[in-house]
Amino acid sequence: MNDVVEQAVQWVAPRAPRPAAAAPAWTAEAVLALMELPFMALVHRAHAVHAQHFPQGDVELASLLSVKTGGCPEDCGYCPQSVHYDTGVEAGKLMDVDAVMEAARAAKEAGAARFCMGAAWRSPKDRDIEKVSELVRGVKALGLEACATLGMLTPGQAGTLAEAGLDYYNHNLDTAPDFYGDIIRTREYQDRLDTLGHVRDAGLKVCCGGIVGMGETRLQRAGLIAQLASLDPAPESVPVNQLVAVPGTPLENAEPVDPFEVVRVIAAARITMPRSRVRLSAGRRGLDDGVQALCFMAGANSIFYGDKLLVTGNPDATADRALLARLDLPITAPQG
């Protein structure tokens, strides 16, 4: 039956054809070709792109605070905050405003330009969003950029956070679409894309990346980068995490990834998303100073800074500043 419907004396015009979906800006195969360049050639190419778009060579310091820890109903195989795994992480309530503001002031005094707040929810309730909005307003009053990661959002919730002054919303894709189901079964890949769409529609900037070292292939790492680079527009901030294998999680015995693979992923992210802040995130404790220097050379220009990333350890802040000084890398100045 065609699109023309005849009913006695009524005629309905055919629907206009749907526009063809735009081809992705990058394919997994194209990104893989980048990642399989000779290592030094890849780093050299990525550094040239980085120098073009970030000529000052500054590194942004971002601080991350878990404002609501544990008790998450999701089954993400890497996450110690899931209720499905016995990792010793106790479920807690949302921190009060004063405690969060104290942490934000300390982060700013330590040089952080962005303050990120994470809560272990699958999808927050509207009353949770109102409470987080109060935290956002407080962080903004300190002159810091505000970021939050709270799980899946509705369009209205994204709008409420935008009205409160939130700058960035973090919602990672974690891995390539074809590997996602091996790691997470309680949420679909499309759910993540939908939340990113709501965030964009609300006028918020996007912080979105993934994890290296969960057992994925190099092609699947390339698939993650291709997916991120094909978002329209690409995320303003791209965290690249190395798996922290936490005892009690399904990935506790994951084979450690070659650190140079992390550098390759950083380089591919820089080439495919030239204007994004590429953040060297979780797992930095497992990278020595030389590998971190290569990551900065390959285009990383942001780090999470402080003693913890939600509930996992992070390099000491003093050591971070010392490393950046040794590499002659300036620190991005806070807004206020």
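I began with H8 and helix H9 (residues 259–272), which pack at an angle of about 25° with their axes 10 Å apart. Axes here are lines fitted to C-alpha atoms, for helices over the stretch in contact, and angles run from 0 to 180 degrees between N-to-C directions. That angle makes H8 roughly parallel to H9. The cut-offs I used: under 35 degrees is roughly parallel, over 145 roughly antiparallel, 65 to 115 roughly perpendicular, and the rest oblique.

I noted what I was working with. This is a predicted model, where local features need pLDDT of at least 70 and side-chain atom pairs count only at pLDDT 80 or more, while totals for chains, interfaces and linings use all residues. Residues are numbered from 1 along each chain as its sequence is written, and side-chain values use heavy atoms, with hydrogens and water left out.

**H8 with H9**

I checked the handedness next: H8 passes H9 in a right-handed crossing. I then listed the contacts (heavy atoms within 4.5 Å). From H8, Arg218, Arg221, Ile225 and Ala229 meet Glu261, Arg264, Val265, Ala268, Ala269 and Thr272 in H9. By class, this contact has five nonpolar, one polar and four charged residues. Nonpolar covers Ala, Val, Leu, Ile, Met, Phe, Trp, Tyr, Cys and Pro; charged covers Asp, Glu, Lys and Arg; the others, Gly among them, are polar.

**H4 with H5**

I moved on to helix H4 (residues 126–141) and helix H5 (residues 155–164). Their axes come within 9 Å and cross at roughly 20°. That makes H4 roughly parallel to H5. The crossing of H4 and H5 is right-handed. On the H4 side I found Asp126, Ile129, Glu130, Val132, Ser133, Val136 and Arg137, which meet Gln157, Thr160, Leu161 and Ala164 in H5. The residues of this contact divide into five nonpolar, three polar and three charged.

**Backbone spots**

Where is proline 233 found? I placed it in the loop between helix H8 (218–229) and strand E9 (237–242).

I looked up aspartate 174: its phi is near 75°, a positive value in a residue other than glycine. Aspartate 174 lies in the loop between strand E6 (168–170) and helix H6 (177–180). Is aspartate 174 buried or exposed? It is buried, with a relative accessible area of 2%. Buried means under 20% relative accessible area, exposed over 50%, and partly exposed in between (1.4 Å probe, protein chains only).

Aspartate 328 also has a positive phi, about 55°, although it is not a glycine. I found aspartate 328 in the segment after helix H11 (317–326). At 68% relative accessibility, aspartate 328 counts as exposed.

**Whole chain**

I counted 11 helices and 13 strands in the protein chain. These are DSSP runs numbered from the N terminus: helices are H or I, at least four residues, and strands are E, at least two. Buried residues make up 52% of the 336 residues. Among contacts between residues at least 6 apart in sequence, 75% join residues at least 24 apart.

Last, I checked confidence. The chain averages a pLDDT of 87, and 89% of the residues score at least 70. pLDDT is the predictor's confidence in each residue, from 0 to 100. Over residues 1–22 pLDDT stays under 50, and the model has 10 contacts beyond four places in sequence for them. Residues 308–314 also stay under 50, with 27 such contacts.

Key
A crossing is left-handed if the near helix is turned anticlockwise from the far one by less than a right angle, and right-handed if clockwise.
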